[in-house]
Amino acid sequence: MTEGDLKLGRVGKTARVLIAVLGIVLLINGSVRATDDAWPFGPMSQYAGWIADDASVTFTRVSAQTDAGTTVDVPLNIEGAGVARAEIEARTGEIEKDPSLLQQVADGWKKKHPDQPQYVKLELIRDTTQLVKGRVVGPPTPEVLATWQVRR
């Protein structure tokens with residue numbers, strides 16, 4: 001220690017440790033229970049990737065026609081249709097080969113939301129967004145990968 005250096009006292013050390021512990025607790029909670037909207041304490045998956053400035057970004061979704069005559073994007077989470085987006089994305093190739101796998105989405109929605117309009121037709125769609133110099137160029141381009149007429 002040189003002349004002029006200050007020694008950190010007990011209160012300063014305690015405050016720094018408590019702040020570090022609080023930050024770690026918030027990160028763990030965000031990773032387990034929150035969504036990306038809880039930034040910067042959301043799931044660590046939000047930091048998992050990097051996209052080049054001139055690239056295509058794809059997003060997989062499921063669109064549904066309902067018995068009320070509307071078209072909606074299916075909420076791909078446990079509370080929505082009982083199927084997480086990650087499950088759909090992981091099985092995209094299988095669903096393309098066997099669209100009947102989408103029946104699980106309709107069944108999950110019906111079980112969780114019997115009082116809501118029900119799905120009569122489902123489409124697995126891949127939206128592609130083009131980036132140029134890190135900026136979105138135009139609207140996403142949708143590509144229907146699979147279609148399934150829901151069994152009642």
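Is aspartate 73 buried, partly exposed or exposed? Aspartate 73 counts as partly exposed, at 48% relative accessibility. The structure described here is a predicted model. The protein has 4 helices and 4 strands, and along the sequence they follow the pattern α-β-β-α-α-α-β-β.

**Overall picture**

- Of the 152 residues in the protein, 26% are buried.
- The accessible surface of the protein is about 10,700 Å², and carbon and sulfur atoms account for 57% of that surface.
- Among contacts between residues at least 6 apart in sequence, 56% join residues at least 24 apart.

**Strand pairing**

- Strands β1 and β3 run antiparallel and are joined by 11 bridges.
- Within this pairing, alanine 64 has leucine 122 in β3 as its bridge partner.
- Strands β3 and β4 also pair in the antiparallel sense, over 11 bridges.
- Glutamate 123 has threonine 147 in β4 as its bridge partner.
- A hairpin is formed by β3 and β4, with 2 residues between them.
- Lysine 133 sits in the turn of this hairpin and has a positive phi of about 55°.
- In a regular strand, side chains alternate between the two faces of the sheet.

**Nonpolar core**

- The largest nonpolar core has 20 residues, and Val74 and Leu122 are those with the most contacts inside it.
- The elements giving two or more residues to this core are β1, α4 (103–112), β3 (119–132) and β4.
- Leaving out residues up to four places away in sequence, leucine 122 touches a list of residues that includes Val62, Ser63, Ala64 and Val74.
- The list for leucine 122 also includes Leu102, Val105 and Ala106, as well as Ala146, Thr147, Trp148 and Val150.

**Salt bridges**

- The count comes to 4 salt bridges.
- Side chains of opposite charge can pair when their charged atoms come close.
- Aspartate 73 forms a salt bridge with arginine 61, and the closest N and O atoms are 2.8 Å apart.
- This pair links distant parts of the chain, with aspartate 73 in strand β2 (residues 71–73) and arginine 61 in strand β1, 12 residues apart.
- Arginine 61 has a relative accessible area of 16% and is therefore buried, whereas aspartate 73 is partly exposed.
- Aspartate 67 and arginine 152 meet through their side chains in a salt bridge, at 3.9 Å from N to O.
- Here too the pair links distant parts of the chain: aspartate 67 is in the loop between β1 and β2, and arginine 152 is in the segment after β4 (135–149), 85 residues apart.
- Aspartate 67 is partly exposed at 42% relative accessibility, while arginine 152 counts as exposed at 66%.
- Arginine 91 forms a salt bridge with glutamate 94, with the closest N and O atoms 3.2 Å apart.
- Arginine 91 is partly exposed at 30% relative accessibility, and glutamate 94 is partly exposed at 41%.
- Salt bridges that share partners join Arg61, Asp73 and Asp127 into one network.

**Threonine 66**

- Threonine 66 lies in strand β1 (residues 56–66).
- With a relative accessible area of 8%, threonine 66 is buried, because buried means under 20%.
- Apart from neighbours within four places in sequence, threonine 66 is in contact with Val72, Pro117, Gln118, Tyr119 and Val120.

**Proline 75**

- Proline 75 lies in the loop between β2 and α2 (85–90).
- The relative accessible area of proline 75 is 28%, so this residue is partly exposed.
- Not counting residues up to four places away in sequence, proline 75 touches Gly80, Ala81, Trp109 and Tyr119.
- Proline 75 and arginine 61 are 14 residues apart in sequence, and their C-alpha atoms are 8.8 Å apart in space.

**Nonpolar surface patch**

- Val17, Val21 and Val25 make a nonpolar surface patch of about 250 Å².
- Valine 21 lies in helix α1 (residues 10–33).
- Valine 21 has a relative accessible area of 44% and is partly exposed.

Conventions
Residues numbered from 1 in each chain as written. Predicted model: local features only at pLDDT ≥ 70, side-chain atom pairs only at ≥ 80, totals over all residues. Heavy atoms only, no water. Buried < 20%, exposed > 50% of the residue type's maximum accessible area, 1.4 Å probe, protein only. Contact = heavy atoms within 4.5 Å. Areas by Shrake-Rupley, 256 points an atom, 1.4 Å probe, with all protein chains shown as cover. Patch = residues over 30% accessible without salt bridge, like charges linked within 9 Å, V, L, I, M, F, W, Y side chains within 5 Å. Core = buried A, V, L, I, M, F, W, Y, C linked by side-chain atoms within 4.5 Å. Pairing = 2+ DSSP bridges.
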